[in-house]
Amino acid sequence: MRANKTFSGGYHFKFEGYPRAEVVEMEIPSTVIIPLKQGCGNEVKPVVKQGDKVEAGQIIGKDAEGIAAPVHASVSGEVVSLDQIKYPRGVVNSIVIESDGTKRWEPLAGRQADWTKLSVPQIEELLYTSGVTSLDSQGIPTNREGSPLSARDVKHLIVNAVEADPYNLSLTVLLAEERLVQFLEGLMILQKMMPGAKIHLAVNSNRKELLAQFDELTRENQLLELYPLSPKYPQGNDEVLMKAILGGNYANASAASVVLTVQTVLQARDAVVDGKPLIERMVALSGPGWEHNLHLKVRVGTPIQSITAKYLKKTGLQRLVPNNLLTNVAISDLLPVDRTFDNLNAIPENTNRALFSFLRLGAKKSSYSKAFLSAALPMLEKTCDTNVHGEARACIFCGYCEEVCPVEIIPHLLDKYVKSNIIDEQLIRYGIFSCVECNLCSYVCPSKIHLAWNIKAGQQMLIENEFKQPQPAQCGKDAFAFHFAG
Amino acid sequence: MNRFRQQLANLQNKKSLKPLSPAFRHIEFLVFGPGDVTASAPHIVDTLDSKRYMSMAVLALMPLSLASVYFYGWRAVAMILVSYIFAGITELLFAFFRKKEITEGFFVTGLIFPLILPPTIPLWIVAVGTVVGVFFGKEVFGGTGRNIFNPAIVGRVFVTIAFPLLMTTLWQLPFTEGLGGFLNFSRPDAITSATPLGIFSGGEAALYSYSDLLLGRAPGSMGETFRLLIILAGVFLIIVKISNWRIPVAYLGSVAVFSQFGSMFYPGRVAPPLFQLLTGGLLFAAFFMATDPVTSPFTKQGKWIFGLMLGMFTVLIRGFAGAVEGVMFSIILMNALTPVIDSLVLKFKFKPIKDYGVV
């Protein structure tokens, strides 16, 4: 085990509505809507038409060039229509299937309980066909043609189990019972495919028992390097995590590194050993907007409406945000569960005009400053809602944004340049492109300035005015971002 | 409550009361928190807002204000009220002409300004000083967040130069027995011209012990005398992260070091460290005025440089200049240097682009 590494700044969140380690398998929905673009890769073309009967696990969408991973029917039934889904950022084609209610799914050909007997190309074929290669920011690298990063070039495989976001899918749930060993099995499968990669596992440092179990299980085979990291947001951000683990080597090594999540590794193992295609996800229901905060095992394509009808609080409006609450856009419940979901946040839209709100003691109010009673009661869970909590004001140079920034830039300084429309190399010198878009600066600002927006606007203006070449769109950086980045 | 809010809204829109509409709006937002929700990511925001930020500073100063009533009588409250009223009127006028809102900066300025004045000062001078401070110290620069100089200090410097005798020779002896000033309005019969700093620079023997200086038994400005409470209140503000710790540490440390050397080489002119720290407005300024986030550097290294140079100027002016009190001039000088300090620190902190290679 390595000693704790971390970054300067950051913030520990502790909100009420944290998902409990309770799993409910949601019943098969009557209809599923399967988007033809999920995760890494371009939109795929449908290979079924209206009226076709499909089996759960059957491929219904394929990429003609064989680069983007295929899309599967998550339930057995009949294709009702080929439709379009309106996402916050654009329109995506989809296939609507009416299910027959059965749970059975068609396993992939070529699967092997004893995966050691499989060759690397066979493993890659299974991973690709199951759709698992489209998960996480860069997908899972393979040696197949078209994989953005080739598996043999990967030097570092980093698994993010830090649980640093405001709300997280629970490791207890994911790694329950035999799943822990299966997770390590998944890592071994990936190691076989990426022989040059060193495996780094970053785990929430508060999970002492889990860390001890990992330590014990990997001491003999030296499978991975274990890093207990404090669950300080945004430790789970790819760049921040890579910097913490790769250290001084970051500049050279980051191009040959890939970051995956625990659920991805588990589903990779399921694809190879059980032949399970990507038709199901474990999704945490987080936030005070849910009646019950639990984990749902849900089929891909399940309309979010069926989840909200059952579990959402009936009083008041809630804002739904997938995965990372601080960085993604709000979505409507008309959208379906996507294969990239692992968390659905429901935050109450609080429009109450509280009396003398600024004078309250605030035992349960979350704040970076210690100006509330909550500072003396750190164990209490804080309230979480979408209220702005204050009027917009001019910057008073309090310095909080600089203190929380994980990449050591000065957000208020960049914000002022952008607002004054002074767009030149000075901004680049002050590190505007180091921003990892964690949105912490906008979160802590007492003057309610949209610092992160303005920094992003500054970046875009610099690219437009050709002070910097635009980065080629990375496979996964924009996979989720295509739909959901805010 | 809804009816009250409706009435406030009506008053804001009334044509005949148009100049007062920023005031009604301000009252509305004081009483009722905002009902707006965030537009997009990050969806949730910190609960701290500008009002609470300023209120914490006022909260820290409340015990000190009460103490000044104990030492100097209810006249202290009259001074504070006059200061708030005139600061508010100035803010209101600017909010009306600029078509912007009244912001919360004057909560703090309105309380700090009377606390750095002698308790004998006539109320009309308090009013003039407040208006000049808020006007020339803040509003002409563009309002809250844009000022170069600390408005309270600007007011005090103006009043000191315009009314020198009233500001430097008439100090009221504090009440120290029983319920003290709570039973009196003021104490017109106990006026002296000798503050501890004045006594030292006059070359006379000290009249007040260190415990007198700590516990407010020596004369001085209203808020600067109860030094023990200043330290506690200042540390409180640092703990709640409203004040930055670097500046008080740098300022006080620098005063201690410079005055140590100064008193070794110029014993008649420069007082020893402990005496320097416990006399004049130094402690109050170090914790409540130098730490003003708008007028002090925002970079960490800049804050150290700021505090260091403040200490240097304070000891220099106290020891070698005609003025008895060096703190307010040091702060004005260093406020002017703040942007330069920040620019220099940024220049060294962020390397020029060519060092990064091709962008």
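**Loops, burial and contacts in a predicted model**

Reader: Where is P42(B) found?

Author: P42(B) is found in the loop between α2 and α3 of chain B, where helices (H or I, at least four residues) and strands (E, at least two) are DSSP runs numbered from the N terminus. The peptide bond that leads from A41(B) to P42(B) is cis, with omega near 5 degrees. Most peptide bonds are trans, and most residues other than glycine have a negative phi. This is a predicted model, in which local features need pLDDT of at least 70 and side-chain atom pairs count only at pLDDT 80 or more, while totals for chains, interfaces and linings use all residues. Residues are numbered from 1 along each chain as its sequence is written, and chains are lettered from A and ligands numbered from 1 in the order in which they are written.

Reader: Why is F214(A) called buried?

Author: A residue is buried if 20 or more other C-beta atoms, placed from the backbone, lie within 10 Å of its own, exposed if 12 or fewer do, and partly exposed in between. F214(A), in helix α4 (residues 208-219) of chain A, has 23 C-beta neighbours inside 10 Å and therefore counts as buried. Leaving aside neighbours within four places in sequence, F214(A) is in contact (C-beta atoms within 7 Å) with L201(A), V203(A) and L226(A).

Reader: How do you know whether Q222(A) and F397(A) are buried or exposed?

Author: Q222(A), in the loop between α4 and β11 of chain A, has 8 other C-beta atoms within 10 Å and is therefore exposed. F397(A), in the loop between β16 (343-348) and α9 (400-404) of chain A, has 21 other C-beta atoms within 10 Å and is therefore buried. Phi is positive in both of these non-glycine residues, near 50 degrees for Q222(A) and near 60 degrees for F397(A).

Reader: What makes helix α5 of chain B largely enclosed by the rest of the structure?

Author: Ten of the eleven residues of α5(B), which spans residues 105-115, are buried, so this helix is largely enclosed by the rest of the structure. Among the buried residues are F106(B), L111(B) and F113(B), and the buried residues of α5(B) pack against α3, α4 (75-98), α6 (123-137), α7 (151-162) and α14 (282-289) of chain B.

Reader: How many residues does each chain give to the contact between chain A and chain B, and which helix of chain B gives the most?

Author: Chain B gives 43 residues and chain A gives 57. On the side of chain B that touches chain A, α3(B) gives the most, with six residues.

Technical notes: Contact = placed C-beta atoms within 7 Å.
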